[in-house]
Amino acid sequence: MAAMKEIPYKIYLEEHEMPKAWYNVRADMKNKPAPLLNPATHQPMTAEELGVVFCKELVDQELDNTNPYIAIPQEILDFYKMYRPSPLVRAYCLEEKLQTPAKIYYKFEGNNTSGSHKLNSAIAQAYYAKKQGLKGVTTETGAGQWGTALSMACAYLGLDCQVYMVKVSYEQKPFRREVMRTYGASVTPSPSETTNVGRKILIEHPGTSGSLGCAISEAVEAATSQEGYRYVLGSVLNQVLLHQSVIGLETKAAMDKYGIKADIIIGCAGGGSNVGGLISPFVGEMLRGEADYRIIAVEPASCPSLTRGKFSYDYCDTGMVCPLAKMYTLGSGFIPSANHAGGLRYHGMSPTVSQLYHDGLIEATSVEQTEVFRVAQEFARVEGILPAPESSHAIKVAVDEALKCKETGEEKTIVFGLTGTGYFDMYAYQKFNDGTMTDYIPTDEDLAKGFASLPQVED
């Protein structure tokens, strides 16, 4: 354990070392993400068209492919100071458990009241909505982490918050739902009878457990049918990855401060907010020819958009009312199984992350949930943090890579994103502990049904 004298267990940055600007990786990308398309005309969405759904300044951020750094407003920085910079932790106990020569670090984003990294973008989007003079915002949430973060941000700024929560998560995670309500948000299980698109989905898929695609459709309809409201989202689009870049910027700053060089960087991948935010500054170095890393995005085998999806234009929502995005997708008609990593149950992947994957700058792999929970339990027992099911996908692959180092004797440095805590996910942990959790991997026939819904769009 002599290594503990070399590097502290938790590596903190000082408050003045916290990023003052978000990093926009698209500015350094040679192949930019394809533009969002109008679902009716299949033409690139204009700022005016996007402004009907999103806040004006968020639209500007969404369309910005040229500015590498965008200043963080002081009001947002002041809010960040309540929980940022977040710690980069050396997993000494996990290393000892695995008997690996690898050095394992995790960036812990669960040290705030909302319990996850989602607050980084929630406060930014709520701030811009408030600045625009809006009454409130609408959104979707899967596992409930995004909804919790947004309801907290809206309470802080005095905005109304309407959340459409994926029905299976609404039922499996009642306490996450109640936290949102405690912060003042209204929470509706999706699909619901409260919107036209919700009623349509219920007719077409009776008894469905819902999906993020369904909830997005309802939230967008709710926003566009109420004066003084806009839709905000917790993942997928460029604006969200921009805000989440604080994760990667802090990670890199802490490692540089202590002279640590990452070999492998790992993040869980659902819509792309966490992995995109974590890897952005490292990918930027790769794009500029300054460094090289192995970067791995980890997704559930039950919803394998990167590893088994198609790189194609697709609707961002099940109701087909949102813009088309070019991304790795399983088709907007694909309804994932009711697995317990609710935040990863999205049919597509961030256009930015998709383009990076398509260009070979990052890798992707998928893992089954019973094995994910086994590793999560092992991590909790030695590191003392109960990880969120989503985060545990990254832990699983980090452990796999560390065990490969044990076989080869290589002393690689592995960094992964611990996006949040799992204390509201006890229903899932109960299923695992009771031995009733099962794995589901969609067949090629299952995926073909989703691919059949892909729109015919010429690039």
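**Exercise 1. Is Glu15 buried, partly exposed or exposed, and what is its relative accessible area? Describe the salt bridge that Glu15 forms.**

*Solution.* The model under study is predicted.

Step 1. Glu15 has a relative accessible area of 45%. Buried means under 20% and exposed means over 50%, with partly exposed in between, so Glu15 is partly exposed.

Step 2. The salt-bridge partner of Glu15 is Lys81, and the closest N and O atoms of the pair are 3.8 Å apart. Glu15 belongs to the loop between β1 (10–11) and β2 (21–23), while Lys81 belongs to the loop between α4 (74–80) and β4 (88–90). The pair therefore links distant parts of the chain, 66 residues apart.

Step 3. With a relative accessible area of 33%, Lys81 is also partly exposed.

**Exercise 2. Which residue forms a salt bridge with Arg84, and which parts of the chain does the pair tie together?**

*Solution.* Step 1. Arg84 forms a salt bridge with Glu109, where the closest N and O atoms are 2.8 Å apart.

Step 1. Arg84 and Glu109 are both buried.

**Exercise 3. Where do Lys200 and Glu204 lie, and how many residues apart are they?**

*Solution.* Step 1. Both residues lie in helix α10 (residues 196–204). Because Lys200 and Glu204 are four residues apart in this helix, about one helical turn separates them.

Step 1. The two residues form a salt bridge in which the closest N and O atoms are 2.7 Å apart.

Step 2. The relative accessible area of Lys200 is 48%, which makes this residue partly exposed. Glu204, at 46%, likewise counts as partly exposed.

Step 3. Salt bridges may also share partners: Glu371, Arg374, Glu378, Lys396 and Asp400 are joined in this way into one network. The structure holds 27 salt bridges.

**Exercise 4. In what order do the four strands of the open sheet stand, and which strands are at the edges?**

*Solution.* Step 1. The order is β8-β7-β6-β9, and the pairing is parallel.

Step 1. β8 (186–190) and β9 (229–231) each have a single partner strand, so one side of each has no neighbour in the sheet; these are the edge strands.

Step 2. On average, neighbouring strands of the sheet are turned by 20° against each other, direction ignored.

Step 3. Consider one pairing in detail. Three bridges connect β6 (residues 136–141) and β9 in the parallel sense, and Val137 has Arg230 in β9 as its bridge partner.

Step 4. Helix α9 (residues 174–182) lies across β6, β7 (160–166) and β8, and runs at about 170° to β7.

**Exercise 5. How many of the residues of α6 are buried, and against which elements do they pack?**

*Solution.* Step 1. α6 has 13 residues, and its first and last C-alpha atoms are 18 Å apart, close to the 18 Å expected at 1.5 Å a residue.

Step 1. Eleven of the 13 residues are buried, so the helix is mostly covered. Among them are Leu119, Ile123, Tyr127 and Tyr128.

Step 2. The buried residues of α6 pack against β2, α3 (56–63), α4, β6, α7 (145–157) and α12 (238–257).

Step 3. After α6 comes Gly133, which has a positive phi near 85°.

Notes
Residues are numbered from 1 along each chain as its sequence is written. This is a predicted model: local features need pLDDT of at least 70, side-chain atom pairs count only at pLDDT 80 or more; totals for chains, interfaces and linings use all residues. Side-chain values use heavy atoms; hydrogens and water are left out. Two strands pair if DSSP finds at least two bridges between them. Helices (H or I, at least four residues) and strands (E, at least two) are DSSP runs, numbered from the N terminus. Axes are lines fitted to C-alpha atoms, for helices over the stretch in contact, and angles run from 0 to 180 degrees between N-to-C directions. Contact means heavy atoms within 4.5 Å. A salt bridge is a side-chain nitrogen of Lys or Arg within 4 Å of a carboxyl oxygen of Asp or Glu. Buried means under 20% relative accessible area, exposed over 50%, partly exposed in between (1.4 Å probe, protein chains only). The expected span of a helix is 1.5 Å times one less than its number of residues.
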